[in-house]
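Have a look at the sequence and the fold, then read on.

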Amino acid sequence: MGNIINVKELAAKYKEDIKAFALQREKDGKSVPTLATVLVGDDEGSKYYLESQTKVAKSLNLGKVNITLPQETTEEELLSTINDLNVDKNIHGIMVLFPVPKHIDGKKVSAAIAKEKDIDGVNP
């Protein structure tokens, strides 16, 4: 029989390690790991998830940049925003909240996120 893993304990330890890491970087004058989230439109589920993420980031002393774009944002505008985040040295992770509006190709959006900053692993 295998070992039983207490996931709650494990998660709590990881969270404490992350918080300590971020606090030490801040104390050392280094950049704090920062997540950028991009929401296009006003999907209620996505907005709720965004609020939850923001609370977790704050509790871990991580940086958080929330970008909210209007429903009528074009695909080109969204891809440009993602590109700006890809090259921003102060952004360490990017997450686009899905669903995106129907006039935007979600596959193109996923592929536009730099692999090294792709928090959700959506880049094919």
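Let's start with a definition: a residue is buried when its relative accessible area is under 20%, exposed when it is over 50%, and partly exposed in between (1.4 Å probe, protein chains only).

## What you're looking at

This is a predicted model: local features need pLDDT of at least 70, side-chain atom pairs count only at pLDDT 80 or more, and totals for chains, interfaces and linings use all residues. Residues are numbered from 1 along each chain as its sequence is written, and side-chain values use heavy atoms, with hydrogens and water left out.

Helices (H or I, at least four residues) and strands (E, at least two) are DSSP runs, numbered from the N terminus.

## Salt bridges

The structure has three salt bridges, meaning a side-chain nitrogen of Lys or Arg within 4 Å of a carboxyl oxygen of Asp or Glu. Two of the pairs sit inside a helix. Glutamate 44 and lysine 47 pair up at 3.1 Å, N to O; both are in helix 2, three residues apart, or about one turn. Glutamate 44 is exposed at 56% relative accessible area, while lysine 47 is partly exposed at 29%. In helix 1 (residues 7–27), lysine 13 and aspartate 17 are four residues apart, with their closest N and O atoms 3.0 Å from each other.

The remaining bridge joins glutamate 75 to lysine 108, at 3.2 Å between the closest N and O atoms. This pair links distant parts of the chain, 33 residues apart: glutamate 75 is in helix 3 and lysine 108 in helix 4 (residues 106–112). Glutamate 75 counts as buried at 12%, and lysine 108 is partly exposed at 45%.

## The nonpolar cores

A nonpolar core is a set of buried Ala, Val, Leu, Ile, Met, Phe, Trp, Tyr and Cys residues joined through side-chain atoms within 4.5 Å. The largest one has 14 residues, and Val38, Leu78 and Val96 touch the most other members. Strand 1 (34–40), helix 3 (75–87) and strand 3 (93–96) each supply at least two of its residues.

A second, separate core of five residues includes Leu35, Leu39, Leu50 and Leu97.
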